[in-house]
Amino acid sequence: MGLGKINRISLDDSSITTPVIWLGHDLFQSIKVWNHLDYCPGLMLNAYNFYQKPRVTEKAKNIGIKKMLNFKGNIFLDSGGFLFQRTGKSKVDVNDLLILYKELVPEFAAILDIPLSPLATNTSNYRRWTKTIQNTRYMFESNSLLNLIPILHTYNKNLVQKRLEQIRQINPALKILGVGSLVPLFMNSFIGDKFSIYKKKVSPKLGRWDFISDLMLAIKKNNSDLILHAFGAGSLSTIYLLSMLGVDSFDSTSWRTKAAFGEIILPGSTNRNVSKIVSLTRYRRKLDDNELELLSNCGCPFCSEKNMRNRLSTLQKFAVARATHNAYVFISEIENLRKAINMKRHYQFVADRLKKSEFFTRILNEIIIPKLQ
Ligand SMILES: [Zn+2]
């Protein structure tokens, strides 16, 4: 059970194997975790970040982003459209963005999309989609070099096929599709009564996942070969669940935002919260036996070859150690997910990782699994 599969995406001089994680990096951040890691498949950068840092942008244009960052993996450049989710307006000009993309030549570049808001009216959300599809057409027609990633947005599963058709008209060779507007649903943010139709069947919190599941399955229907990237997946728990629904590619910044708050992530040690957090500096909560064992098994560069006391004090003292540890956990968990899919143990792996969280276990067993049968 589970729709996860292994895909190979061929690029000019490299390839990507899915499931894949793109670590969200902010150009204002001084910590560069890939300098400490043996393996880091991809970074997701934000075009808006480049507008904020003109000098860095000049350097990136001159010597290349990878050389500037001393990074050897793949780069996925996001448009920054999501930064304007609430207003529904983009401050970025589509042509300027395309020029920037062409100068920075990332492996993948997202279309300038205008994400929907669960709090906006249907009319406003329709206007946003219309703008996104206009941008999609413009960017595909003005470009032949870049790997542009079109992005589907809808809060209505019945519109999926129509919107996919609109994208395919522009890009008949569609292989990789982004899915957007999901961040407010992944987060526990207030989203009004947008999904009230789902509340009749299940509780509101589960209702969001009822919709997310329907959406992904509607996309996958008749399109099982399409490689899906879910924008802004965030936590590992969300990633595990999305993988069950056939999502292949994920990006997250939570590994570094958690690290900045003094938190480390341990695989499968979910409580009822969104992610598997053990706060070391803020609460100085003691790790339980299971968490200690998970930490003792960590092979990240800051944990390995240290006794438990030194591990804990290193993680407590240094933000770079926490960020690297968390990034390592994300990357190695995606590797473990891939192995589980390969061994046809996708469901077992995900169920095991979520077993400490009653909420995520319910999403898996009460919402997702019945839809897959
Ligand atoms: Zn570690």
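Phe330 touches Ile21, Leu23, Leu236, Ser252 and Trp255, leaving aside residues up to four places away in sequence. Touching here means contact, with C-beta atoms, placed from the backbone, within 7 Å. The structure is a predicted model; local features need pLDDT of at least 70, side-chain atom pairs count only at pLDDT 80 or more, and totals for chains, interfaces and linings use all residues. Residues are numbered from 1 along each chain as its sequence is written.

Phe330 also belongs to the largest nonpolar core, which has 94 residues. Leu23, Leu77, Val179, Ala230 and Phe330 have the most contacts inside this core. Helix α14 (residues 319–342) gives the most to the core, with eleven residues. At least three core residues come from each of domain 1 (8–258) and domain 2 (262–356). Such a core is a set of buried Ala, Val, Leu, Ile, Met, Phe, Trp, Tyr and Cys residues joined through C-beta atoms within 7 Å. A residue is buried if 20 or more other C-beta atoms lie within 10 Å of its own, exposed if 12 or fewer, and partly exposed in between.

The chain is divided into domain 1 (8–258) and domain 2 (262–356), with bounds from an automatic or database domain assignment. Their contact takes 23 residues from domain 1 and 26 residues from domain 2. On the side of domain 1 that touches domain 2, β3 (20–24), α10 (236–244) and α11 (254–260) each give two or more residues. The largest share of that side, five residues, comes from α10.

Nine strands form an open sheet with parallel pairing, in the order β7-β6-β5-β4-β3-β11-β10-β9-β8. Helices (H or I, at least four residues) and strands (E, at least two) are DSSP runs, numbered from the N terminus. Strands pair if DSSP finds at least two bridges between them. The edge strands, β7 (148–149) and β8 (151–152), each pair on one side only.

In strand β5 (residues 74–78), five of the five residues are buried. Asn74, Phe76 and Asp78 lie on one side, Ile75 and Leu77 on the other. Strand β4 (residues 42–46) pairs with β5 over five bridges, and Asp78 is the bridge partner of Asn46. Two bridges join β5 to β6 (residues 108–110), where Leu77 has Ala109 as its bridge partner. Elsewhere, Ala230 stands opposite Phe250 in β11.

The mean pLDDT of the chain is 89, and 91% of its residues reach 70 or more. This value is the predictor's confidence in each residue, from 0 to 100. Over residues 270–284 the pLDDT is below 50.

Key:
Contact = placed C-beta atoms within 7 Å.
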